[in-house]
Structure formats: C-alpha cells, structure tokens
Amino acid sequence: MKTSDNLGIVKRTPKDYSFPFKLQLVEELEQGFITKVQAKLPCFRNHFAT
C-alpha cells in the first residue's frame with residue numbers, strides 16, 4: 001500500500017485485496033446488487049473488506 005504522509009491517506013493497489021474479496025465483488029456485480037461505479041468507490045471497498 002502507498003501512503004500519503006501529509007494527509008494520512010492509504011492508496012490501495014489490486015494486490016492489497018484478497019482473491020475471495022475480488023470474487024465477492026464480481027458476484028455482487030453480476031447479481032445486480034452493486035454497479036461498476038459503486039465497486040470503484042474507496043469507501044465502498046473498505047466497507048466490505050474483512
């Protein structure tokens with residue numbers, strides 16, 4: 001993960017997310033529970049991260 005020292009913001013890369021988490025997002029996209037735009041929102045990803 002990359003951090004911005006002056007703002008305390010953590011920028012996550014695709015490697016920071018587990019494979020099961022990615023599969024969960026794909027499943028929710030396919031079922032229509034979330035949109036592509038929602039899946040890209042950092043706050044949305046953090047909400048479902050375990």
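**Exercise 1. Which residues of H1 are buried, and how are they placed around the helix axis?**

Solution. This is a predicted model, in which local features need pLDDT of at least 70, side-chain atom pairs count only at pLDDT 80 or more, and totals for chains, interfaces and linings use all residues. Residues are numbered from 1 along each chain as its sequence is written, and side-chain values use heavy atoms, with hydrogens and water left out.

Step 1. Helices (H or I, at least four residues) and strands (E, at least two) are DSSP runs, numbered from the N terminus. Buried means under 20% relative accessible area, exposed over 50%, and partly exposed in between (1.4 Å probe, protein chains only).

Step 2. List the residues. Phe-21, Leu-25 and Glu-28 are the buried residues of H1. Seen down the axis of H1, these buried residues fall within an arc of 65 degrees, so they line one face of the helix; the arc is that of the directions from the helix axis to the C-beta atoms.

Step 3. Recall the geometry. An α-helix has 3.6 residues a turn, so residues three or four places apart point the same way.

Step 4. Check the other side of H1. There Phe-19, Pro-20 and Glu-30 are exposed.

**Exercise 2. Find the aromatic pair and classify it.**

Solution. 

Step 1. Apply the rule: rings of Phe, Tyr and Trp (its six-membered ring) pair if their centres lie within 6.5 Å; planes under 30 degrees apart count as stacked, over 60 as edge-to-face and the rest as tilted. The count is 1 aromatic pair.

Step 2. Classify. The ring centres of Tyr-17 and Phe-21 are 5.3 Å apart and the planes are at 20 degrees, so the pair is stacked.

Step 3. Check burial. Tyr-17 is buried at a relative accessible area of 14%, and Phe-21 is buried at 8%.

**Exercise 3. Where is Phe-33 placed, and is Phe-33 buried or exposed?**

Solution. 

Step 1. Phe-33 lies in the loop between helix H1 (19-31) and helix H2 (36-40). Phe-33 has a relative accessible area of 61% and is therefore exposed.

Step 2. Leaving aside neighbours within four places in sequence, Phe-33 is in contact (heavy atoms within 4.5 Å) with Glu-28 and Gln-38.

Step 3. Glu-28 is in helix H1 and counts as buried at 14% relative accessibility. The C-alpha atoms of Glu-28 and Ala-39 are separated by 9.2 Å, with the two residues 11 apart along the chain.
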